[in-house]
Amino acid sequence: ARPSELHPDGTDADHWPGRPFMRRMWAGGEVRFRPGWEKDMPLDGREAVCTETVEEVRLSGEGDKAKAFVDVWRRYTVADGKGGDAAPAIEERRTLVFMPEVEALTSDAAAAAAKSPPRIIKSPHTPDYAFALTPNRALLANFSALTYNAHSIHLDAALTLAEGHRALLVHGPLTLALAFAALRGAAPREGVRRLEYRNVRPLYCGDRLRVCVREKEAGSRTGAADERRWDVWVEGPAGGMAVKGTAVTGAF
């Protein structure tokens, strides 16, 4: 979207359900890779096609607690040269949650809200593979630029504080990219076939996070014989889960 078409908080209106839902957050999503997608979408200069559709809108709650969940599907392929497109090589669902606008808190009220202890839910499992990272302002700014994301909650500390957050928020797509990196570390000879996740708690700039994966027990496997299933989660600084998901990997 053009800068003049953005909402005051830097978000675009493409998936906006309308008033009173003026605040947007990334609630979760999933990514599916069709077997052989690497050969179907080589980086060889051919035209790539992304088809985007809004497939479901769900309302929850009332008044100040009202939320609108919007499922956006993106399907990626290459043009077949005959006026049509091949079957999607990659499919992605992005679930966005929209909430009513809130009155900006005073600095004292915002600071008090930001200090309130969050509910901590820890994973019952020990990861097979994990790595830690402390996102800083430079990382968030660079990721915003890379993804053309002008949302102020990643860039404007005053706005995030006014909404009751104690620091800039880490991007949902950034934690998704970190989850892919963890799966690559745990299964370097396999490719990810599917990854589904939910963002259950915010992650903040300057806080250490840990990205974890654990292979599920053999008895829980379904699907192709060469597939492995994984628990995927991201922990905040106190060890509580902020992102929770599952993944399937298999041979290239």
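Pro20 lies in the segment before β1, where strands (E, at least two residues) and helices (H or I, at least four) are DSSP runs numbered from the N terminus. The peptide bond that joins Arg19 to Pro20 is cis, with omega near 10°.

The model is predicted, so to speak of local features requires pLDDT of at least 70, side-chain atom pairs count only at pLDDT 80 or more, and totals for chains, interfaces and linings use all residues. Residues are numbered from 1 along each chain as its sequence is written, and side-chain values use heavy atoms, without hydrogens and water.

The second largest pocket holds about 870 Å³ of space. A pocket is an open set of points on a 1 Å grid over the protein atoms alone, where a 1.4 Å probe fits, with protein on both sides within 12 Å along at least five of seven lines; lining residues have an atom within 4 Å of a point. The volume is the space filled by probe spheres set on the points. Of the 29 lining residues, Trp26, Arg74, Arg94, Thr147 and Pro173 lie nearest the centre.

Tyr148 sits in the loop between α3 (137–146) and α4 (157–162). Tyr148 is not a glycine, yet has a positive phi of about 55°. Tyr148 is exposed, with a relative accessible area of 79%; exposed means over 50% (1.4 Å probe, protein chains only).

Notes:
Buried means under 20% relative accessible area, exposed over 50%, partly exposed in between (1.4 Å probe, protein chains only).
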